[in-house]
Amino acid sequence: VDGSGLLAAILVSSRGRVLGVNKELERLLGYPSREAILDRTVPDLLRQPSDWARWEQVANDGDAKDIETEFVAADGHSVYLRGKIERIMRHKGAAASVRGVFVDDTPLHQLRELSIETARVEAALRLAAGVSHDFNNLLTILVGNLYLVSELVRTDAALHEKVRKAR
C-alpha cells in the first residue's frame, strides 16, 4: 500500500465470513451499519466471486499477496481497492483469518475508464469525418458532371430544368 488516502481494512475468516471492518471500508461500501457488512461473506461482497480464490490461497499457504479487487457497494456501484491481503494466525490451533488493507483506487479506475471511452469516441469521430470527407468528394464529382450535362442540354428547356434541379 502506498500510503495515499485513508486505509480500508477487513478481517475475514478462512471460510470467507467477514469478522470485522474499519470505518473507512464501512464508508466506502455504504452499508447502513457495520452489522450489515458482518452478515456477509467476502465472495458476496466481490463483483467477481471467483476472486475469492486468491483470499483462500492466502489463508491456506500464508503467502501475503498484493491485490487489486472490485467490491460491490450497498447501492450496487463498484469500489476498486488496491492493497495487500495476508494470513493472520490465531492462537491455540484456531483457524487462520485473512486481513486485507487497501486504498480506494476507484477515482483512478474511473479516470482510466474515462480515458478509454474518450479514445473510443475520438476514433468514432475520426471515422465519421473520413466517411464524410469521402462522401463529399463523391458529391463534388456528381455535381460537377451534372453542371456539364446541364450546359449540354441548355437548348431543351424541360431537360435543362430537370438537370438543374438534380444538381
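Buried, in these notes, means under 20% relative accessible area, exposed means over 50%, and partly exposed is in between (1.4 Å probe, protein chains only).

**Ground rules.** I'm working on a predicted model, where local features need pLDDT of at least 70, side-chain atom pairs count only at pLDDT 80 or more, and totals for chains, interfaces and linings use all residues. I number residues from 1 along each chain as its sequence is written, and side-chain values use heavy atoms, with hydrogens and water left out.

**Entry 1: the tryptophans.** I started with Trp-52, which is buried at a relative accessible area of 7%. Trp-55 is buried as well, at 0%. Both sit in helix H4 (residues 52–61), three residues apart, about one turn of the helix.

**Entry 2: ring pairs.** I looked up the aromatic pairs and found three in the structure. The Trp-52 and Trp-55 rings have centres 6.1 Å apart and planes at 25 degrees, so this pair is stacked. My cut-offs: rings of Phe, Tyr and Trp (its six-membered ring) pair if their centres lie within 6.5 Å, and planes under 30 degrees apart are stacked, over 60 edge-to-face, the rest tilted.

Next I checked Trp-55 again. Trp-55 is buried, and so is Phe-102. Their rings make a tilted pair, 6.1 Å centre to centre with 45 degrees between the planes. That pair links distant parts of the chain, since Trp-55 is in helix H4 and Phe-102 is in strand E5 (residues 97–104), 47 residues apart. Through ring pairs, Trp-52, Trp-55, Phe-71 and Phe-102 are joined into a cluster.

**Entry 3: the core.** Which residues touch the most other members of the largest nonpolar core? Among its 26 residues, they are Ile-10, Val-42, Trp-55 and Phe-71. A nonpolar core here is a set of buried Ala, Val, Leu, Ile, Met, Phe, Trp, Tyr and Cys residues joined through side-chain atoms within 4.5 Å.

I then followed Val-42, which lies in helix H3 (residues 42–45). Val-42 counts as buried at 0% relative accessibility. Leaving out residues up to four places away in sequence, Val-42 touches Ile-10, Val-12, Gly-16, Val-18, Trp-52 and Trp-55; contact means heavy atoms within 4.5 Å.

Entry 4: I traced an open sheet of five strands in the order E2-E1-E5-E4-E3, with antiparallel pairing. Strands E2 (18–21) and E3 stand at the edges with a single partner strand each, so one side of each has no neighbour in the sheet. I count two strands as paired if DSSP finds at least two bridges between them.

E3 (residues 65–72) and E4 (residues 78–88) run antiparallel and are joined by eight bridges. Lys-65 stands opposite Ile-85 in E4, and Phe-71 stands opposite Val-79 in E4. The two strands form a hairpin with five residues between them, and Gly-76 in the turn has a positive phi of about 95 degrees.

**Entry 5: Ser-150.** Last, I looked at Ser-150 in helix H5 (residues 106–152). Ser-150 counts as buried at 1% relative accessibility. Not counting residues up to four places away in sequence, Ser-150 touches His-160, Val-163 and Arg-167.

Technical notes: Helices (H or I, at least four residues) and strands (E, at least two) are DSSP runs, numbered from the N terminus.
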